[in-house]
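This briefing concerns the arrangement of the chains and the secondary structure in the model shown below. Please read it alongside the sequence and the coordinates.

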Amino acid sequence: MKNIDLVRDVLDTQVLDREQRPLGKVDGIALELREGSPPRVAYLEVDGVTAWRRLGERYARWAAKLARHWQREGHPFRFTWRQVRDFGIDIEIDVDAERAAPFDLEHWLREKLIRRIPGGR
Amino acid sequence: MKKILGIALGIVTSIGGFLDVGSIATSAQAGAAFGYSLLWAVLLGTICVIFLVEMSGRFSIVSGHTIVDAIRKRFGFAGFIVPFAASLLVNLLVLASELGGICVALQLLTGIRFQVWAIPVALAVWLLLWLGTFDVVEDGTALLGLVTLCFLVAVFTLGPEPRELAAGFVPRLPGEEHAHYLFLAVSIIGATIAPYLFLFYSSGAIEDKWDKSYITPNRYIATLGMSFGAIISMAVIVVAALALKPEGIRVEEYEQAALMLVPAFGRWGFYLFVASLAIACFGAALELSLASAYSVSQAFGWNWGEDLEPRSAARFSSAYTIFIALAALIVLSGLNPMKLTLFSMAITAVILPLTALPFLVLMNDARYMGEHVNSHFSNIVVLLIVLLAAILAVVAIPLEIIGSK
Amino acid sequence: MRTLLALVLVALAGCGDQHEQEMKSAASWSSTALAVARYWLQGDLPDTYAKRVLQKASEELAKGPLPDASEPVNQMIEAIGKRDQQAMRRLIAELQAQ
């Protein structure tokens, strides 16, 4: 039975999608507390606001205000351990990055970039 | 055979990319004011940067991570955010200095004020990143950067006294102007050990997909590339010492530095200086913009890569776009480019520990490096030089500010 | 406490150097002008650049402890404009005398 150090090996680790493309970082870990049983990992979060919250609630509020410009539904993006396909230097999950919530900023910028600037192809 | 070509290209890239506005400005000032006596500062900085660059290559090869990615993972978001923000801010100031350098070169050539060039120059830098690939950017500017070898040629033409030259490698306080001497020493070290250099190198190793077979080539590229580059920096000091100091010309503005190649090359001297300044700064501006975009993308886990079309890496491309725009604004503001450059270099020296020390921790972490962790020797060398530079900077900067007011 | 005192003393020493710094700067700009003039006579510098540096030198000299030196420098700029080599030679001697 292998033990994983959540903070050392999971938190802030790069998350890749099923095509090995970068999806984001593990910005937060949520534990589920259970009566009479040890807590277990409920889900992992990939969301900028979650990361800033680790500095303080004030930063989270600013980040959220900013992120509202491009964030659609599905935030904060969460995945469970069942979706993890490979775990090592990076965490690979069975998700398509292009369709996952963390890419909202990417899509929003593509809209503004493609529309305005030539050569972006 | 391919490996040898690769090593050669890597070395050439490092030479062409070594000289930038920081090295030119600090070396020119140092040579004009203090002759050869600051050569030791370039040497010290170079030794440190060789170690750092080799480590950065080795780190990416062995761990498969880039440095920024790993620093966030190892120290956590909260632990890394302050050094990260500080290094981005300094990068911005240095980028503004590089863009300023190109604008000043154009001002020297045409007589048109440097601020006017800010936007066209920024646009040119941006366009090359927007449309180019990593190899084109790296190799193109590196090859062009070889024009800076003219400083080396000038040294041979002017023929310095070898024994006097050698004395410059021993640190010794001059008879007067101690504060300024110290400040220049610190700025030279900051210009030589630019953190963006080794962060960029680590991203480059990943972009070029270096595997374990590159561990030894990496050592050669780091050592030879940085050494040859340093020799050019030293050449600038020597040329300034021989061409400007005897005339009593101090380099307070770039206009005065532009004279330094005339004794060696006559009519060509002025144009070679302008070309060297413009090309060296252009290459550095490209690297710096990319390095900053790499940092931000790797910190937040975005997809990144110069080979990716902007549409496929919109956040990465937006990052360097915004960066270049902000730097252009700083140049537009009309801040004296020479002063901006010198202070950026000194500030770089101050925050050097913030970037280098976490990196050293990583280099000694077996979970990332396996059996390739640092030797005690490497650790000690980098630690000593980085801390020395920072302490000197903290002392020298206030003194310089007071002295010039 | 002693470090603070040391820093203050160094700062004061820095202030005393003020005049010396200005003299050095003025001497440097004067030397710059002389070098530019000589190189221009040899045909080693383009007119645009030469005039620009002399302009800068003149401004800096006018601000400093040797304001009289800025006058021959201004005339040097005119000499370049008129391509008057003889005048330039005369002005070099004049500036050197200062």
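The model is a predicted one. Two pairs of chains touch, and the pair with the most contacts is that of chains A and B. Chain C is in contact with chain B as well, whereas no contact joins chain A and chain C.

**Contacts between chains A and B**

- On this interface, 24 residues of chain A are in contact with 22 residues of chain B.
- Four elements of chain A each give two or more residues to the side that touches chain B: the strands S1 (14-16) and S2 (22-25), and the helices H2 (48-53) and H4 (104-116).
- The greatest contribution to that side of chain A is made by H4(A), which supplies six residues.
- By class, the residues on the side of chain A that touches chain B comprise 11 nonpolar, six polar and seven charged.

**Contacts between chains C and B**

- Here 21 residues of chain C are in contact with 21 residues of chain B.
- Three helices of chain C, H1 (2-16), H2 (18-42) and H3 (47-63), each provide two or more residues to the side that touches chain B.
- H2(C) accounts for the largest share of that side of chain C, at eight residues.
- The side of chain C that touches chain B is made up of nine nonpolar, seven polar and five charged residues.
- Between chain A and chain C, the closest C-alpha atoms lie 35 Å apart.

**Overall layout of chain A**

- Chain A contains four helices and seven strands, and from the N terminus these elements follow the order α-β-β-β-β-α-α-β-β-β-α.
- Taken along the principal axes, the C-alpha atoms of chain A fill a box of roughly 60 × 35 × 20 Å.
- Of the 121 residues in chain A, 31% count as buried.
- Among contacts in chain A with a separation of 6 or more, 43% involve residues 24 or more positions apart.

**The open sheet of chain A**

- Four strands of chain A, in the order S2-S1-S7-S6, form an open sheet with mixed pairing.
- S2 and S6 (84-87) of chain A are the edge strands, each pairing on one side only.
- From one strand to the next, the twist averages 25 degrees.
- S1(A) and S2(A) run antiparallel and are joined by three bridges; within this pair, Leu16(A) has Pro22(A) in S2(A) as its bridge partner.
- The hairpin of S1(A) and S2(A) has five residues between the strands, and Gln20(A) there takes a positive phi near 65 degrees.
- S6(A) pairs with S7(A) (residues 91-93) in the antiparallel sense over three bridges, and Val84(A) stands opposite Ile93(A) in S7(A).

**A helix pair within chain B**

- The axes of H4(B) (residues 67-110) and H14(B) (residues 267-300) come within 8 Å and cross at roughly 160 degrees.
- Because angles over 145 degrees count as roughly antiparallel, H4(B) is roughly antiparallel to H14(B).
- The crossing of H4(B) and H14(B) is left-handed.
- The contact of H4(B) with H14(B) has 21 nonpolar, six polar and three charged residues.

Terms used:
Residues numbered from 1 in each chain as written. Chains lettered and ligands numbered in written order. Predicted model: local features only at pLDDT ≥ 70, side-chain atom pairs only at ≥ 80, totals over all residues. Contact = placed C-beta atoms within 7 Å. Nonpolar A, V, L, I, M, F, W, Y, C, P; charged D, E, K, R; others polar. Axes fitted to C-alpha atoms, helices over the stretch in contact; angles between N-to-C directions. Parallel < 35°, antiparallel > 145°, perpendicular 65-115°, else oblique. Left-handed = near helix turned anticlockwise from the far one by under 90°. Pairing = 2+ DSSP bridges. Buried ≥ 20, exposed ≤ 12 C-beta atoms within 10 Å, placed from the backbone.
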